[in-house]
Amino acid sequence: MANPVTLPQTFLLLGSGELGKEFTIAAQRLGNRVIAVDRYPDAPAMQVAQVAEVISMLDGDALEAVVKKYQPDWIVPEVEAIRTEKLLELEAQGYRVIPTAQATNLTMNRDRIRELAAQQLGVRTARYDYATSLAELEQVSQAIGFPNVVKPVMSSSGKGQSVVNNADEVAQAWQGAIAGARGDQTKVIVEEFIPFELEITLLTIRQWQGETLFCDPIGHRQERGDYQESWQPAPLSPEQLAQAQAIAKTVTDALGGAGIFGVEFFITPEEVIFSELSPRPHDTGMVTLISQNLNEFELHLRAILGLPIPQIKQTGPAASAVILALEAGEKLSYTGVAEALTESGTDVRLFGKPNARPHRRLGVALAQGESVDQARRLAQTVAEKIIVQTE
């Protein structure tokens, strides 16, 4: 972007969950206009955006119609379930897609980004293969070896992911992956199981002009393939950090454009191994709502608009812990919030989702501490005090 930005700008946000909500808040703090789009009404970002539209983003015609209706300055994808081929067409017509339409198209599917990293860029990844049926999955699992990890090629927040310990668990993994998939693909990726010491997200900020920037690494823990807690800074050696940054820059340079990328790695005593990449704010990065002078959503906005990022300051040990639904239900309410907020150095975000299902993420507890361990304990304590009630 060669010209200085003039505000306000109009953002068409494709995906209106909790990440989209925080991005909308960041955009509106600088007076911008946001059209929040999702497949269901009253999604979190819709509650704070100026305009809401409910469409299937896998419907290319509906997607094009909403873009043509609002003529946005920026199209900002925030979820995987988008007809990304349509974004390529729209970009060719002059619309600006973040980070680029090609990057979005590549990264919405695990197979494409994995092939870019492993085959074109020579980046170390877990060994992998694909399957489009249970019979194929059984063959591929035997070839990769047990244990292995099975995931849908398109999903959000690790949904549909499972560790397969032996041949008896393959059928259940197939069913789980198909049930957890976003979009209309029945294709799974099978990966070798990496016995990692730590799993991290390296938030990587690519600018239109200027150097690539990095946040301090974020450690995270998953269950059922979904993030449960994250903490910053993660304890990497200088050599590990340099290696992760070099890989993240290599992959994001190949994708191009501008914005924040959540680049995930497995850290072992011997290696830094590329895992996945999201071309947008990352769920594990919600810890930055309390841990940095500029959170990941503000960084994403500044990078998109070409605004300066003079310093990213990490303010000390911090952690996040998710607040989950235990059962399905409507008309959600929350108790224990006052008790949770009595803890010094903590905060809470409740996302405002309109309904619940088991293990759905409905909020996040945030905490600062004298150490990462203390911050993690405190965030967990705060999260546990909040009780979700449904009708």
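This is a predicted model: local features need pLDDT of at least 70, side-chain atom pairs count only at pLDDT 80 or more; totals for chains, interfaces and linings use all residues.
Contact here means that heavy atoms lie within 4.5 Å of each other.

Asn148 belongs to strand β6, which covers residues 148-152, and its relative accessible area is 0%, so the residue is buried. The Asn148 side chain also comes to 3.2 Å from the backbone oxygen of Gly145.

When residues up to four places away in sequence are not counted, the contacts of Gln9 are Asn32, Arg33, Asp73, Trp74, Arg96 and Leu305.

Thr84 lies in helix α3, residues 84-92, and its relative accessibility of 2% is why Thr84 counts as buried. With residues up to four places away in sequence again set aside, Thr84 touches Thr104, Asn105, Met108 and Arg112. The C-alpha atoms of Thr84 and Ile309 are 29 Å apart in space, while the two residues are separated by 225 residues in sequence.

**Rings and charges**

Five aromatic pairs are present in the structure.

| Charged residue | Ring | Distance from charged end to ring centre |
|---|---|---|
| Lys187 | Tyr130 | 4.5 Å |
| Arg376 | Trp231 | 3.7 Å |

**The second largest pocket**

Rolling a probe the size of a water molecule over the atoms shows where empty space is left. In this model the second largest pocket holds about 360 Å³ of space. Its lining consists of 18 residues, and those that lie nearest the centre of the pocket are Val322, Ile323, Leu324, Leu326 and Ala383.

Which elements each supply at least two residues of the lining of the second largest pocket? They are the strands β11 (218-223), β15 (318-324) and β21 (387-389), together with helix α12 (372-385). Of the contributions to this lining, that of β15 is the most, with four residues.

Definitions and conventions: Residues are numbered from 1 along each chain as its sequence is written. Side-chain values use heavy atoms; hydrogens and water are left out. Rings of Phe, Tyr and Trp (its six-membered ring) pair if their centres lie within 6.5 Å; planes under 30 degrees apart count as stacked, over 60 as edge-to-face and the rest as tilted. A charge sits over a ring if NZ of Lys or CZ of Arg is within 6 Å of the ring centre and within 35 degrees of the ring normal. On a 1 Å grid over the protein atoms alone, a cavity is a set of points where a 1.4 Å probe fits but cannot get out, and a pocket is an open set with protein on both sides within 12 Å along at least five of seven lines; lining residues have an atom within 4 Å of a point. Grid points are joined across faces, edges and corners, and a volume is the space filled by probe spheres set on the points. Buried means under 20% relative accessible area, exposed over 50%, partly exposed in between (1.4 Å probe, protein chains only). A polar contact is a pair of N or O atoms within 3.5 Å; within protein, one must be able to donate a hydrogen and the other to accept it, and residues adjacent in sequence count only if both atoms are side-chain atoms.
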